[in-house]
Amino acid sequence: MKAQSKSAKGAKKPAAKAAAKNDFSIKVTTAEFKACILRHLEQSIARDPQSATNQAWWTATVLSVRELILKRFIATQSVHHDNNTRRVYYLSLEYLMGRLLSDTLDNCGLLDTAKAAIAELGLDYDQIANQEADMGLGNGGLGRLASCFLDSMATLDYPSVGYGIHYEFGLFRQGFLNGRQVEYPDNWLRFGNPWKILRPEHRVEVQIGGRVETHFNDKGDLFSKWVGGHKILGVPWDIPIPGYQVRTVNFLRLWEAKATQEFDFQVFNRGGYIEAVHEKAVNETVSKILYPNDKTESGKSLRLIQQYFFVCCSLHDIIRRFCKKNSDWKDFSKKVAIQLNDTHPSVAVAELMRILLDDENLSWEKAWDICTQVFAYTNHTLLPEALEKWSVPLFEQILPRHLQIIYEINRRFLETVEARWPGDDQKKSTLSLIEEGRPKMIRMAYLAVIASHSVNGVAALHTELLKSFLFHDFDELYPGRFNNKTNGVTPRRWLKLCNPLLSELLDEKIGTGWVTDLDELKKIEPLAKDAAFQKRFMDIKRANKQRLAVLIKNRCGITVSPDAIFDCQIKRLHEYKRQHLNLLHIMALYRRLLHNPNLDIVPRVFVFGAKAAPGYDLAKDIIHAINAVGAKINSDERIQGKLKVAFIPNYGVTMAETIIPAADVSEQISTAGKEASGTGNMKFMMNGAVTIGTLDGANVEINEQVGKDNIFIFGLTVKEVEALQKNGYNPWDYYNSNEELKAVLDWLASDFFTPEEPHSLESVRRSLLEGGDPFLVCADFAAYCQAQDAIDKAFRDSKKWAQMAILNTARSGLFSSDRTIHQYAKDIWHLDPLPIP
């Protein structure tokens with residue numbers, strides 16, 4: 001793990017430093033920007049200033065800044081094309097972009113100019129910016145990481161293209177009804193999106209279904225041909241991605257599914273009005289929503305089609321771009337690097353093999369050699385059940401030719417296994433791409449590992465566990481293939497933009513270089529004990545807490561005090577992230593206060609933000625439990641307002657930009673060995689929150705960087721988790737030996753919190769006791785409560801707490817996505833920056 005930190009320091013930032021020296025920000029006066037807005041208001045959207053709505057003003061403002069960055073975009077693409085440059089192509093099913101207006105203006109150096117121009121028009125910038133919907137292109141950390149990476153690749157001048165899906169409705173918009181999660185369509189495109197640029201000339205036809213026929217060519221050789229089925233049209237939309245100070249503008253290309261035939265005129269004329277648009281409706285479901293519920297066979301089918309549609313379109317686009325300047329396939333791997341962001345795009349391996357074998361007539365050996373040179377795979381999970389598998393019958397129905405190719409890849413791979421472990425049939429069964437059973441299943445993560453020249457984890461601990469546990473035999477078979485690239489986040493959005501008061505203080509004290517070289521934050525370490533600096537730092541924290549208090553009041557109807565500890569857990573709702581452990585501690589505090597209303601505790605505000613997958617019933621029950629317990633606590637006058645619980649609905653990027661700068665405590669409490677990395681932990685740290693967490697994911701490296709006196713580590717380690725489970729973990733032992741744990745679990749299962757729905761929260765208790773407590777909530781409960789007591793004690797010493805908060809910010813430099821991207825470029829992509837003149 002320390003070696004990782006050294007390598008991070010070794011990968012210094014040439015492009016970032018150049019950007020800091022040479023300000024390429026767009027130079028536009030307030031008057032010019034104001035005129036541009038008015039021109040687009042009238043000429044692009046046909047509105048006059050007197051009748052224009054805030055939505056119209058927002059659209060005109062976006063079109064104005066887009067007009068300015070498109071000049072740099074064209075220049076960037078021209079240089080890349082003229083130089084026939086090597087590019088990295090980043091394939092991700094998710095991009096959690098949030099809003100783009102303020103972020104883009106800030107990267108362009110135009111944020112103050114735009115605010116002044118809008119003020120001169122008699123408008124309020126914040127009201128205009130709030131018209132923008134968060135882009136519905138992602139869900140959690142995977143998508144947010146991809147978005148941070150796009151920002152860093154552009155900022156650091158790396159030639160790159162992101163590929164994804166143009167979801168019409170994203171995941172879902174979350175609401176609460178009687179405390180339960182309710183899913184509504186996330187209609188983020190209701191008013192259109194002026195950032196997008198349609199590229200119909202680059203549409204791709206995608207074949208689905210059909211059958212495989214065998215034929216002989218004119219030389220008498222047998223070949224396979226994929227025929228029949230139906231076709232879907234992939235239509236690309238581009239979103240420009242400007243780097244900081246806009247020297248390079250890369251782009252994200254999103255594929256929208258369209259029918260090849262929009263309208264069957266003959267059927268319509270025969271009176272079949274619904275049938276006439278049937279093909280259009282069916283085909284366009286492919287890009288309707290992110291992660292269709294896969295509890296049903298139709299849901300599974302849609303997910304597989306969605307993934308294939310995305311990679312097929314992307315690969316054809318990559319090849320089209322390659323062929324514009326190149327004609328020899330031996331040069332493909334010199335010009336193309338493809339990064340698979342998790343297992344979802346792994347079917348790209350089979351698709352590229354199909355193209356090279358069937359369309360380009362390459363030999364198997366040459367095709368496979370190309371694949372293994374261009375693909376690299378990032379794994380994001382340690383949960384075996386989360387590694388994607390597809391049933392062979394389903395795969396055969398949708399992608400029959402690809403199934404043949406996967407079987408041949410597996411046959412050849414098992415020959416390699418036999419050579420390494422002669423006669424070991426068990427090893428072959430364990431490593432086979434095909435998992436035996438009824439039905440047989442295709443292990444897609446194994447396909448990605450076999451076909452990639454690099455497989456990386458996303459935190460030092462995660463990578464070690466990949467090598468020792470999840471992919472142990474593959475690591476033995478392919479020594480050197482597995483490597484670590486600890487995640488990072490962009491400091492442009494997650495500090496400069498979302499915490500402007502703190503950013504101004506940092507600029508004043510250490511200059512602006514930290515924006516592109518986050519290690520510069522170390523320069524505030526000597527100020528950590530300075531009383532004047534502490535006061536300014538904590539005054540900013542309090543101002544951010546007041547801003548969050550307003551949001552909580554508006555969204556939840558709950559009044560909270562900024563003098564309380566703001567204790568925040570915002571992340572996807574999953575059992576391994578253990579929001580229910582947080583809940584049990586809240587209930588323990590509540591019970592203590594009911595037994596002793598004069599108990600001396602620092603008031604707490606517990607802030608939650610999380611969505612549960614629509615088909616994940618227990619996760620939705622945990623949301624219901626948190627809301628039910630919170631409603632009782634928030635209305636109980638006996639505890640004198642010492643506890644408040646706010647579960648803010650429809651958590652997303654924009655909400656996080658308000659919560660993170662306000663947090664005193666960052667909850668990173670996953671079961672050790674289950675969280676790959678986490679990036680929320682890094683954002684909180686950057687903004688001066690103190691972590692309470694297990695030694696899991698990137699918490700390990702945060703602990704190393706910040707020091708044990710500035711973090712609250714608790715709970716079982718990975719080795720202790722393994723030993724406990726190996727020896728036979730029994731949650732009833734903890735239940736029976738810990739009076740407080742027993743009391744709160746029994747209390748939760750009663751009708752106290754849900755008198756109108758008796759025992760409706762019992763499923764949470766049942767999962768912990770009768771369900772075996774798979775993520776060891778009961779085992780870590782006592783240690784978690786002790787760590788929380790230590791936080792209460794530490795917060796009372798305001799000077800000590802201020803010092804801890806400042807050191808968290810000062811020592812967060814390792815966790816910039818710029819550092820991560822430099823390491824990917826150097827170690828995996830072998831890609832050099834290409835500055836744009």
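Modeller: In this predicted model, a residue is called buried when its relative accessible area is under 20%.

Colleague: Is Pro 400 buried or exposed?

Modeller: Pro 400 lies in helix α16, residues 400-420. Its relative accessible area is 8%, and the cut-off for burial is under 20%. Pro 400 is therefore buried.

Colleague: Which residues does Pro 400 touch, leaving aside residues up to four places away in sequence?

Modeller: Contact here means heavy atoms within 4.5 Å. Pro 400 is buried at 8%, and the residues that touch Pro 400 are Gly 209, Gly 210, Arg 211, Val 212, Trp 226 and Phe 395.

Colleague: How far apart in space are Pro 400 and Ala 790?

Modeller: Along the sequence, 390 residues separate Pro 400 from Ala 790. From C-alpha to C-alpha, the separation in space is 59 Å.

Colleague: What is the C-alpha separation of Gly 98 and Met 135?

Modeller: Gly 98 sits in the loop between β1 (87-91) and α5 (101-108), and it counts as buried at 1% relative accessibility. Beyond residues up to four places away in sequence, Gly 98 touches Ala 133, Asp 134, Met 135 and Val 653. Gly 98 and Met 135 are 37 residues apart along the chain, and their C-alpha atoms are separated by 5.5 Å.

Colleague: How many disulfides does the structure hold?

Modeller: A disulfide needs a pair of cysteine sulfur atoms within 2.5 Å. The structure holds none, so the count of disulfides is 0.

Colleague: Which cysteine sulfur is nearest to that of Cys 148, and how far away is it?

Modeller: Cys 148 is in no disulfide, and Cys 498 is in none either. Both are buried, Cys 148 at 1% relative accessibility and Cys 498 with a relative accessible area of 4%. The sulfur nearest to that of Cys 148 belongs to Cys 498, at 11 Å.

Colleague: What is the relation between α23 and α34: roughly parallel or roughly perpendicular?

Modeller: The axes of α23 (residues 531-556) and α34 (residues 798-810) come within 10 Å and cross at roughly 75°. Angles of 65 to 115 degrees count as roughly perpendicular. The two helices are therefore roughly perpendicular.

Colleague: How many residues in the contact of α23 with α34 are nonpolar?

Modeller: From α23 come Phe 533, Gln 534, Phe 537 and Met 538. These meet Lys 799, Trp 801, Ala 802, Gln 803, Ala 805, Ile 806 and Thr 809 of α34. The contact has 1 charged residue and 3 polar ones, and the number of nonpolar residues is 7.

Colleague: How many residues of helix α31 are buried?

Modeller: Helix α31 covers residues 739-749 and is mostly covered. Its buried residues are Glu 740, Leu 741, Ala 743, Val 744, Leu 745, Trp 747, Leu 748 and Ala 749. Out of 11 residues in α31, the number buried is 8.

Colleague: Which helices are included in what covers the buried residues of α31?

Modeller: The buried residues of α31 include Trp 747 and Leu 748. The cover includes α24 (579-595), α25 (617-634), α30 (731-737), α32 (762-769) and α33 (777-796).

Colleague: Which residue has a side-chain oxygen that reaches the backbone nitrogen of Glu 740?

Modeller: Glu 740 is one of the buried residues of α31. At the start of that helix, the backbone nitrogen of Glu 740 has a side-chain oxygen within 3.1 Å. The oxygen belongs to Asn 738.

Colleague: Which side chain makes a polar contact with that of Arg 247?

Modeller: Arg 247 is in the loop between β9 (230-242) and β10 (249-259), and is buried with a relative accessible area of 9%. The polar contact is 2.6 Å, and the partner is Asp 157.

Colleague: What is phi of Gln 245?

Modeller: Most residues other than glycine have a negative phi. Gln 245, in the loop between β9 and β10, is buried with a relative accessible area of 10%. Its phi is positive although it is not a glycine, at about 70°.

Colleague: What is phi of Asp 342?

Modeller: Asp 342 lies in the loop between β11 (336-341) and α13 (347-359). At 11% relative accessibility, Asp 342 counts as buried. Its phi is positive, near 80°.

Colleague: Is the peptide bond from Arg 438 to Pro 439 cis or trans?

Modeller: Pro 439 is in the loop between β14 (434-435) and β15 (441-443). Most peptide bonds are trans. The bond from Arg 438 to Pro 439 has omega near 0° and is cis.

Technical notes
Residues numbered from 1 in each chain as written. Heavy atoms only, no water. Buried < 20%, exposed > 50% of the residue type's maximum accessible area, 1.4 Å probe, protein only. Helix = DSSP H or I, 4+ residues; strand = E, 2+ residues; numbered from the N terminus. Polar contact = N/O pair within 3.5 Å; in protein donor to acceptor, adjacent residues only side chain to side chain. Axes fitted to C-alpha atoms, helices over the stretch in contact; angles between N-to-C directions. Parallel < 35°, antiparallel > 145°, perpendicular 65-115°, else oblique. Nonpolar A, V, L, I, M, F, W, Y, C, P; charged D, E, K, R; others polar.
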